[in-house]
Amino acid sequence: MRVEYINPFVEATFSILKEVLNTKVERGELYLKPTSHPVLGVAAIVGLAGDVEGRVLFDMARETAISIASIMNGEELTEFDELGKATIAELANMITAQAVTKLHDLGFRFDLTPPALITGINMEVSSPNVEALIVPVTLPQGKLEINVAIRERA
Amino acid sequence: MSAVDTEVQKEGSHRPDEGREKIDFKMITFSLGGREYGIDIMKVKEISKIDRFTYVPNGSPFLRGVYNLRGEIIPIIDFRIMFHLPLKPIEAGKAENVLILNTEDQVMGVIVDSIDKVIGVSSQRVKPAHPLFHDINVQYLKGIIEYGSSLYIVLDVDRILGIAEERQAERPAAAAEAPAVAAGLEAPAFAPSGEEESADTLELGFIRDTLSAFRGFVVSDLNLDWVKARLGEWRDLRSSEGRGVQLAEPNEADDFLEPFYSPYTGELWGEAYAREIEELLPDVSGGTLSAWNPGCGKGYESYSFAALLDRHYHGKRIKVWANDNDLLGISMAPTLAFHEEAIPPLLAPFVVKTRNGFGFKQELKDSILFEYHDILHPNPFPEVDLVLARDILSFFNPVQQQALVQLFRSKLRVGGILFIGSNERLVDSGWREVRKGGVCGFERLADEEPSNKEQVT
């Protein structure tokens, strides 16, 4: 993944999470993963197109998703219902959009697709031929992994 | 008896045809990158001019998009991108020439430069493809046929379209297996060849283990000559200091490895070294020169290499893919800054003053793409003319080394050069060593006959 893309995603993740959850956000070591890997339970995907092609995937356990959605909505959710799903999708949208805005300022043109939310157990995601950058984040609510797979268009 | 009779009769009935040629194979001919190709007409559903595809994100580079063919959605593939052939830019508003192919289970369109005609020949005249036709990998070819005054290369549609899908699945599996087998393969290189050598072998074994434990440096055929020679020097050096040969700490491993690294590791290249590399650069046709620089570290060698290529191939477009899996190092690469007195003449034309000292001009930066990438993971880079991989193979286990050399080979065009470390040596077949002073290069030779090739891979 192009070096210039890394920081905007990391910065956007932190500033948005801090802002909406109003809590301490800890970052783990960044690393690269090859094509496929398991997903924790709730995955929000935002596609990218433009100068590049790829996608950003926000991956977390169901409980983490529920408690994040609860804080963002200011009410205690017990189920991962429509409201919860919409909230997590919106969070993914906010983070990606801010990263894309930062990238735009650096001169890279990206377009976003609307976020898609996928839930289930024992899921795996594959992006053939693109390795993914993993930004692990630890919140009081649980673990969140941001998985960015982007490549230059040939 | 009667069965034999009928067979004889059958053969007899064919005889009158032998004099004349029987036309039993028709193909559509088209051109790609200036060469003539043919495809079995039975595979072609129709010919079409298409100008608007729907772009699909996240697809392979050669997948140009999808197209609605009278209600059926079909993928459109560009053969020129797939086979790394020169792409003729199409005039605005003009449609691409597309062959709609029908394989067993699906329909798809392929873009070609131009579609010529249909010719009928005898299938017996299709000769096996010669590996010299290296524009397209020999495994995708059915054969070559002469018709009139031209030669047509017959493509094997099923294999091309099948392989386009499989290509992605295979590579990661090979990489994952690698570490498991590694331990088994290391040993044989050091099997003692004689009684008197056993003490040396033992020492070498210790050195090998400590180098790999402290610095991840793997002793293999690639660098065995150097390690043996260095061990001799090291022994003399250490005994003069009254110490043993063995490496007790990581920094002793660094001392041992110090002369291993190629000249100007982590520095901008000096003029003498640059000239040595320059003399090995191959001739390149076409307007673009692409190079791959895995393990670029902080980017010093990428900038030096890009500047050298620009000087040598003046006027061509230079594209260097530089990557490293050291996040901290490569993060600094795009904005590398330095003091002016440290600039060798090679890079002097590209230097500008910036806020924090001196940096490189945008035109040089634009020719390099720095990526955070692990070389053991699959990558989407297209075919390149040069690979600059100094001193990195020695830091992978023998199985990974093999896989990487194969990877370099598959990414390099025939006649392209792979530069490895000054003290490294490729033992694989299919390469020709080219050397100049401290520079160690290997030219990629054409593939062998397909039958042999299968054994190699």
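Modeller: One term has to come first: a crossing of two helices is left-handed if the near helix is turned anticlockwise from the far one by less than a right angle, and right-handed if clockwise. Please also keep in mind that this is a predicted model.

Colleague: OK, so which hand is the crossing where helix 1 of chain A passes helix 3 of chain A?

Modeller: Helix 1 of chain A passes helix 3 of chain A in a right-handed crossing. Helix 1 covers residues 3-21 and helix 3 covers residues 82-105, and the two pack at an angle of about 135°, with their axes 8 Å apart. That angle makes helix 1 of chain A oblique to helix 3 of chain A, because angles over 145 degrees would count as roughly antiparallel and 65 to 115 as roughly perpendicular.

Colleague: And which residues make the contact?

Modeller: Among them are A:Phe9, A:Ile16 and A:Val20 from helix 1 of chain A, and A:Leu91, A:Met94 and A:Leu103 from helix 3 of chain A. By class, the residues of this contact divide into 11 nonpolar, three polar and two charged.

Colleague: Switching topic, how many residues of chain B are in contact with chain A?

Modeller: There are 23 residues of chain B in contact with 23 residues of chain A. On the chain B side, strand 15 gives the largest share, four residues, and that side has 14 nonpolar, seven polar and two charged residues.

Colleague: What about B:Pro57, what does that residue touch?

Modeller: B:Pro57, found in the loop between strand 3 and strand 4 of chain B, touches A:Gly47, A:Ala49 and A:Glu53.

Colleague: Why is B:Pro57 called partly exposed?

Modeller: B:Pro57 is partly exposed because 15 other C-beta atoms lie within 10 Å, whereas a residue would need 20 or more to be buried and 12 or fewer to be exposed.

Key: Residues are numbered from 1 along each chain as its sequence is written. Chains are lettered from A and ligands numbered from 1 in the order in which they are written. This is a predicted model: local features need pLDDT of at least 70, side-chain atom pairs count only at pLDDT 80 or more; totals for chains, interfaces and linings use all residues. Two residues are in contact if their C-beta atoms, placed from the backbone, lie within 7 Å. Ala, Val, Leu, Ile, Met, Phe, Trp, Tyr, Cys and Pro count as nonpolar, Asp, Glu, Lys and Arg as charged, and the others, Gly among them, as polar. Axes are lines fitted to C-alpha atoms, for helices over the stretch in contact, and angles run from 0 to 180 degrees between N-to-C directions. Angles under 35 degrees count as roughly parallel, over 145 as roughly antiparallel, 65 to 115 as roughly perpendicular and the rest as oblique. Lists of a residue's contacts leave out its neighbours within four places in sequence.
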